[in-house]
Amino acid sequence: MRQSYCFTALRVETCHGKTANLGMVQLERLELLHMAAEEVTITIRIIRSFEHRNFKFLVYHGISLDQTVKDFIVFLKQDIPLRTSLPPPFRNYKYDKLKIIHQAHKSKTNELVLNLEDDDRLLLREGNTLREAGIANETEIAFFCEEDYRKYKVNPISSW
């Protein structure tokens, strides 16, 4: 059986505003690249205690940006207790909120655990998709208990 391929000429704009002709490109390859761009790698910082600066990192590959924040929280709540690499205090805690810490190629905060500012912009709303919330490839997100965060925000003192 013979496979047929569809070819097309593709012109793209470079970062300097010039256009470049890539010539004939297989559409199947473009579709694969498009699908790969839909799934991203996200680092989750699980914060167990703000006062003690107690947190661990988990890296998730192949995360769809089209899922809602609420669905992603449900996924994390189901996955974290199954992670044997995490100590029991991290696996058995009540996490319920996500906040963007850092995005790739952007500036980082000096706060050691979590930036206490810009909650209206950085806290993820459960009704939005990850894409609408501003999540992109290699974004670092904090996952924490909202009640603990509110207490720490009122009195941001570390134990050590």
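**Legends to close-up views of a predicted model**

The accessible surface of the protein comes to about 10,500 Å², and carbon and sulfur atoms account for 52% of it. The model shown in every view is predicted.

**View 1. Overall arrangement of five helices and six strands in the protein.** Along the sequence, these elements follow the pattern β-β-α-β-β-α-α-β-α-β-α. The protein has 160 residues, of which 32% count as buried. Among contacts between residues at least 6 apart in sequence, 64% join residues at least 24 apart.

**View 2. The buried residues of helix 2 (residues 69-79).** These residues are V69, F72, I73, L76 and D79. Seen down the axis of helix 2, they fall within an arc of 130° and therefore line one face of the helix. An α-helix has 3.6 residues a turn, so residues three or four places apart point the same way. The buried residues of helix 2 pack against strand 3 (39-49) and strand 4 (54-64), as well as strand 5 (97-102) and strand 6 (139-144).

**View 3. R53 in the loop between strand 3 and strand 4.** The phi of R53 is near 50°, a positive value in a residue other than glycine. Most residues other than glycine have a negative phi. R53 counts as partly exposed because its relative accessibility is 26%, a value between the limits of 20% and 50%.

**View 4. E138 in the loop between helix 4 (119-122) and strand 6.** For E138, which is likewise not glycine, phi is positive, near 65°. With a relative accessibility of 48%, E138 counts as partly exposed.

How values were computed:
Residues numbered from 1 in each chain as written. Predicted model: local features only at pLDDT ≥ 70, side-chain atom pairs only at ≥ 80, totals over all residues. Heavy atoms only, no water. Buried < 20%, exposed > 50% of the residue type's maximum accessible area, 1.4 Å probe, protein only. Helix = DSSP H or I, 4+ residues; strand = E, 2+ residues; numbered from the N terminus. Arc of directions from axis to C-beta. Contact = heavy atoms within 4.5 Å. Areas by Shrake-Rupley, 256 points an atom, 1.4 Å probe, with all protein chains shown as cover.
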